[in-house]
Structure formats: structure tokens, C-alpha cells
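Here is a short briefing to read alongside the coordinates.

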Amino acid sequence: MKTFYIETFGCQMNAHDSEKVVGTLVQQGYAQVETPDQAELVVYNTCSIRDKAEQKVFHRLQQFKKEAGKGKVFAVIGCVAQQEGERIFERAPHVSLVAGSASYTKLPQMLVQLEAGNRRVTGLSLDTDEAFDTPFTRRDNPHRAYITIIEGCDKSCAYCVVPFTRGPERSRTSDSVMREAKDLAAHGYTEVQLLGQNVNSYRDPSETGWDFARLLENVGNIPGMRRVRFTTSHPRDFVKEIIDAIDRNQALCNHVHLPVQSGSNRVLAAMQRQYTRDEYMRRIEWMKSVNRDIAITTDIIVGFPGETERDFDETLDLIGTVEYDSMFIFKYSKRPNTAALQYEDQIPEDEKTRRLIVVQEKQRAIQIRRNAVYVGRTEEVHVEGYNKATSQWIGRTSQNKTLNFVHAPLPAPDSGRTLVGDYLDVLVTRAGPNSLAGESVAGHVVLQ
Ligand code: 5AD
Ligand code: SF4
């Protein structure tokens with residue numbers, strides 16, 4: 001039996017790609033092992049969104065330099081593979097396969113070439129209208145599943161490598177998405193996350209012609225589907241119908257991740273984001289004006305080239321106005337091929353760090369305030385795990401907040417049955433900046 005080991009870096013799209021790659025490898029007669037030492041084929045599914053992420057794979061490869069020629073074969077796939085292409089063979093000569101995500105449909109043929117002894121196998125074409133759609137996906141989680149609805153990105157944000165690493169947008173047909181979602185529900189999955197670099201620009205290529213809001217609503221209506229999430233959104237393509245759908249259907253989670261990047265119109269224009277601060281704020285107002293209490297999260301980049309103190313203040317002001325439930329904050333990182341690479345007025349590293357810390361502190365205070373509102377409320381959680389150190393179960397609310405809780409009748413998983421995958425009502429008794437804590441109350445729903 002041939003063996004493989006896979007390590008995945010980066011976003012949920014990459015995590016799900018790996019589930020599909022694992023399924024394809026198993027289908028081709030490979031068995032997955034837990035460490036690279038045990039494996040004949042070592043696969044790194046890579047991320048290049050920021051320089052730090054890109055360096056990780058080269059560190060890994062460095063550790064195994066001496067293994068080359070000892071029967072071990074190395075594959076670099078994903079975003080760094082697509083970005084660096086054949087240069088990877090020069091930098092790490094023990095690598096034998098370099099393939100980007102737009103070529104994964106050809107993985108079986110590439111494996112045949114590897115097995116035939118070819119040590120320079122590539123899959124680097126971005127010229128595809130196919131999505132990687134496979135029936136062999138090996139899902140890591142038995143309760144929550146990812147579903148790709150659209151791959152690639154047609155935007156051209158000045159800082160972003162994704163259009164270069166994942167190619168042009170390709171939407172799956174609504175029929176194929178619905179079939180996968182129904183099949184998941186039939187196999188006991190109660191939560192799905194619809195994935196794409198920009199889910200809002202989803203456009204059904206079949207005659208059915210659904211847009212994203214229609215697709216979302218239809219997935220939410222599948223019997224047995226209790227929670228539907230989606231990521232990631234682009235403000236420019238984010239329409240009111242999405243919020244109306246969430247407001248109508250409890251199965252659609254009341255959480256929207258809407259990356260703003262900056263609060264300054266000048267910086268947004270330089271980033272080529274295609275929206276103004278006012279247009280972004282209109283979307284926030286839609287979310288705040290409906291009946292459901294929608295949690296809003298975002299991504300912020302600090303220190304984009306040319307970002308002045310005044311621009312930065314406008315970002316702080318926007319953060320204070322929106323009062324996000326959570327956010328990811330990044331220091332701008334120069335990326336190959338991108339427009340911003342040529343921009344003047346790069347911000348010094350220590351100034352980026354200072355701005356990062358200022359945002360972090362402001363946001364921490366907001367999260368403490370926002371989470372405190374939940375104390376005394378009862379929230380439904382989907383149980384994800386058990387923390388032995390604290391003797392608490394770990395659950396997630398529809399708003400995507402972590403809620404750690406005690407459950408009196410079943411204190412620990414060793415009591416014979418796990419709660420993982422169940423839905424429970426939990427009374428929130430405490431709140432911190434990053435999570436809530438509480439105790440379960442009546443209303444335990446077992447769904448297995
Ligand atoms: N530098 C810093 N952050 C970046 N992101 C994307 N590209 C860069 C970059 N070059 C951030 C954006 C995006 C998130 C996934 O990563 O905020 O929304
Ligand atoms: Fe990283 Fe972006 Fe590629 Fe995801 S799509 S793996 S975040 S570079």
C-alpha cells in the first residue's frame with residue numbers, strides 16, 4: 001500500500017481542498033499516515049496570502065532536504081505552488097510535484113506520472129472553467145461540512161495574490177451544490193459552510209440561474225439542515241437579499257463576515273476595493289435594521305502603502321461605529337504580481353506594528369462590551385468538543401461565538417456518550433473578550 005502525509009496551511013478553502021485531495025489519493029490506492037516520516041508521499045497544501053505564510057512551506061521542505069532520493073516524494077500544492085511554479089524545483093530540488101488548485105481535477109493523471117518516476121510533474125494552468133468537484137471528499141468533521149460553491153476570484157484588490165493563485169471565478173451549478181448539501185443532510189450533517197473567495201458573486205451557470213441569495217435560501221430550506229454559514233463576502237457584491245434571506249430563515253446563521261480592510265476612502269480607492277466607506281456602511285445598516293441579531297465580523301489591513309495617520313484614524317472611527325463582534329487584523333505584506341508592490345510610501349514595519357496594536361486594543365474593548373450583553377441570555381449551541389483541562393464542553397452559537405459550558409447530567413465524555421454534534425440551550429453566565437461561558441439548561445436536542 002502506498003502511503004501519504006498531508007499538511008495544510010491557510011484558509012478554509014485550502015482546508016476543504018485538502019479534504020478533496022485526500023479523498024482523491026485514497027481513491028487512487030494511497031493510505032493516509034500521521035507523520036511525514038512514515039509517508040512515501042509528503043504533500044504540503046500551501047498558502048501565500050502573506051509573506052509569513054509563504055515561508056512556512058520552505059521551512060518544512062528544508063527540514064526534509066536529506067530525505068530526497070530515499071524513496072520519499074514531496075508535493076507542493078495550493079497557492080505557493082501556483083505562485084512560484086517551477087521555481088520551487090530550483091529552490092527545493094527534492095520536490096517532484098507542483099500543482100495549483102485550478103489543476104486538482106488532473107490529480108489522478110499527475111499521480112500516475114509520479115509513480116512512473118517523473119520527478120518534475122506540474123499542474124499550473126489557470127486556464128480552466130472547471131471547479132474541483134469530486135465525489136471522493138474525505139471530510140474531517142462528521143457534523144459540520146464545507147461545500148465549495150465558487151472557486152477563484154475576478155476582483156483585483158491591489159494587495160492580493162488570490163486572483164493569481166486561484167484563477168478566474170468558476171461557479172458550480174446550483175443543482176450540483178444542492179445535491180451535495182442534500183446528501184450531507186442525509187448522512188447526518190446538520191451544519192454546512194458555503195465556501196468561495198467571493199461567495200456573493202456566485203452565479204449559477206445552469207438555466208436555473210440562481211444568484212447567491214437564492215442558493216443560500218434553498219440550502220437553508222433542506223430538511224435536517226440546522227445551520228448554514230458562508231464565507232467570504234465582498235462588500236461590492238453583497239446585496240440586501242442576502243440579509244432578507246437570513247432574516248426569514250433561522251437555519252441561516254446570524255453571522256456575516258464582511259471584510260472592510262480600511263475606513264478611509266482614499267485607501268479603499270488605492271486598494272481598488274470598488275466601494276466607498278458610505279457604501280460599506282449602508283450594508284452594515286441593512287444588517288442592523290433587521291429582526292435577527294446579526295453578528296458582524298471583518299478583516300482590517302494596517303499600514304497599506306500611503307496610509308496616513310489620518311487614514312488610520314478613519315479606520316479606527318469606522319471600527320468604533322460598526323462595533324464588530326470580532327475581526328482579523330493584518331499588517332500589510334508585499335505580495336508578488338500585485339499592483340501595490342509598485343506603490344510608493346511603504347509604511348515602516350514598526351509603524352505597522354504600532355497601528356496593529358492600537359486596533360487590537362480598541363477592538364478588545366469593543367468585544368468585552370459586546371459579549372457582556374449576552375450574560376443572562378439563553379443561546380443555542382452546536383457542541384464541538386470537550387476541554388478536559390476546564391471540564392467544560394465547547395459549543396458555538398449561531399453568531400459564531402464560542403460558548404464554553406458545563407452540562408450537569410453528563411460531566412465528561414467518559415460517561416459513555418459524547419454531546420459533540422448535539423444542539424443544546426445554554427444560559428450565558430460570564431463573558432470575556434473572546435468567548436462566553438455558561439451552563440446548559442433544558443431543551444437538549446439529540447440529533448444522532
Ligand atoms: N497583506 C496583508 N493582509 C492581506 N490580506 C490579503 N492580502 C494581504 C496582504 N498582502 C488579508 C485581507 C483579506 C484576508 C484574508 O487577508 O484582509 O481579507
Ligand atoms: Fe492562502 Fe488565499 Fe490561498 Fe486561501 S486562497 S490558501 S488564504 S493564499
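In this predicted model, the buried residues of α2 are Ala53, Glu54, Val57, Phe58 and Leu61. They line one face of the helix, because seen down its axis they fall within an arc of 145°.

**Helix α2**
- Lys52, His59 and Gln63 are exposed, on the face turned away from the buried side.
- Cover for the buried residues of α2 comes from elements including β3 (41–46), β4 (73–78), α3 (79–84), α4 (87–91) and β5 (95–99).

**The sheet and its helices**
- An open sheet is built from six strands with parallel pairing, ordered β2-β1-β3-β4-β5-β6.
- The edge strands β2 (30–32) and β6 (121–123) have a single partner each, so one side of each lacks a neighbour in the sheet.
- From one strand to the next, the twist averages 25°.
- Strand β1 (residues 2–8) runs parallel to β3 and is joined to β3 by five bridges; Thr8 has Asn45 in β3 as its bridge partner.
- α2 lies across β1, β3, β4 and β5, at about 165° to β3.
- Helix α5 (residues 107–115) lies across β1, β2, β3, β4, β5 and β6, at about 170° to β6.

**Nonpolar cores**
- The largest nonpolar core has 56 residues, and Ile149 and Phe230 have the most contacts inside it.
- Beyond its neighbours within four places in sequence, Ile149 touches residues including Val177, Leu194, Tyr202 and Phe212.
- A second, separate core of 21 residues includes Cys47, Phe58, Phe74 and Ala92.

How values were computed. Residues numbered from 1 in each chain as written. Chains lettered and ligands numbered in written order. Predicted model: local features only at pLDDT ≥ 70, side-chain atom pairs only at ≥ 80, totals over all residues. Heavy atoms only, no water. Core = buried A, V, L, I, M, F, W, Y, C linked by side-chain atoms within 4.5 Å. Buried < 20%, exposed > 50% of the residue type's maximum accessible area, 1.4 Å probe, protein only. Contact = heavy atoms within 4.5 Å. Helix = DSSP H or I, 4+ residues; strand = E, 2+ residues; numbered from the N terminus. Arc of directions from axis to C-beta. Pairing = 2+ DSSP bridges. Axes fitted to C-alpha atoms, helices over the stretch in contact; angles between N-to-C directions.
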